[in-house]
Amino acid sequence: MREIKFIDLKAQYLSIKDEIDNAIQEVLLSSAFAGGPFVKKFEEDFAKIHGARFCAGVNNGTSALHIVLMALGIGEGDEVIIPANTFIATPASVSLQGAIPVFVDCRESDFNIDPELIEAAITDRTKAIMPVHLYGQPAEMDRIMSIAEKYGLLVIEDCAQAHMAEYNGTKVGNFGSAGCFSFYPGKNLGAYGEGGAVISKGEEVWKRIQAIKEHGSFKKYYHEYLGHNYRLEGIQGAILDVKLKYIEAWTEKRRMNAALYRKYLNGLSEIILPKENENLKHVYHLFVIRTKRRDELASFLNSNGIQTNIHYPIPCHLQHSYQFMGYKEGDLPVSEKLAKEILSLPMSEQLSEEDIVYIAEKIREFFKK
Ligand SMILES: Cc1ncc(COP(=O)(O)O)c(C=O)c1O
């Protein structure tokens, strides 16, 4: 039976093996393990490719979100507006600061935070909006920025799933005070371990972040702020810098694969294909379809060797860890409905047209039964 992995990281490694092996060797031979020159080089290159003034490498995407909240002074009792349909790290970073995530429903058409619902969630304690560019499609940044301006709010972009994505020709992460990225192995740009980064146009914020990730110090053993050890490892910096050379080509391949899914799944009335909005570049971290028979379809595909996933089966406001906030089923109906229907199909630059033809054939076969 044909086996199609959700994402094939081994195949990706083998396609650039020599360069990766050499990069790791270089770090080992120079003993630059925690932060250091390989991280600095990657920070400069990532800032450049993402059109940002500053970049700080950190140890994962959750830390990237948390360190920005710390650097912007968001804390006890402050409210931060967040889409309910996201990975738990987005609201958790807010809660870690003693601040309160205020969940807003998402838009059925594109899964992202519904800008029409944001104003109703603003109170005099609201400090920031944290849009997530979910699945690789930018949120409605024009609307979000104008609401933020009207109410004097900060904007922190969760770009964990959206490396190289663009909104009106500008790369994500450049709209608000900072953009936070994850380099978790399965991300569009993935480390061989954990990694993350913050980009910013503000020098002050960037400097504070540089200090906070080093125990709040600009100079070793002199501590200006309370901080963390949120450093990116040298080996990850070197690996990410190799992979960065391929990110444009890999992004185009993902976009091509999305187009192939649309071609081969066209006309199938039982599923809804993801909508790509105008004036933006979706980078297809995930290709998420919808169907009322989601669980049956997932198990049929699985029994035919095709791995799928659900991002995410429970919206954040209904997660056990947020029970204390008192949300109940029915509060954010669009996110709740989508959670029951969404299915992420295999997606990566390693996926071939033959793979997609096979997946589409199996999906059609399932709905014929
Ligand atoms: C939307 C979103 N935000 C934040 C994160 C956190 O990133 P990390 O896993 O690198 O901590 C992720 C990663 O899965 C994510 O998908």
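How far from an oxygen atom of the ligand does a polar side-chain atom of Asn 60 lie?

Guide: The model is a predicted one, in which local features need pLDDT of at least 70 and side-chain atom pairs count only at pLDDT 80 or more, while totals for chains, interfaces and linings use all residues. Residues are numbered from 1 along each chain as its sequence is written, and side-chain values use heavy atoms, with hydrogens and water left out.

The polar side-chain atom of Asn 60 lies 3.5 Å from a ligand oxygen atom, where a polar contact is a pair of N or O atoms within 3.5 Å. A polar backbone atom of Gly 61 is 2.8 Å from an oxygen atom of the ligand, and an N or O atom in the side chain of Gln 161 is 2.9 Å from a ligand oxygen atom. Of the 390 Å² of accessible area that the ligand has on its own, the protein covers 92% (Shrake-Rupley method, 1.4 Å probe).

Around the ligand there are 15 residues, of which Gly 61, Thr 62, Asp 158, Ser 182 and Lys 187 come nearest; a residue is near when one of its heavy atoms lies within 4 Å. This shell divides into 6 nonpolar, 7 polar and 2 charged residues, with Gly counted among the polar ones. Helix H4 (61-71) and helix H5 (89-96) each supply at least two residues of the shell, and the largest share, 3 residues, comes from H4; helices here are DSSP runs (H or I) of at least four residues, numbered from the N terminus.

Notes. A polar contact is a pair of N or O atoms within 3.5 Å; within protein, one must be able to donate a hydrogen and the other to accept it, and residues adjacent in sequence count only if both atoms are side-chain atoms.
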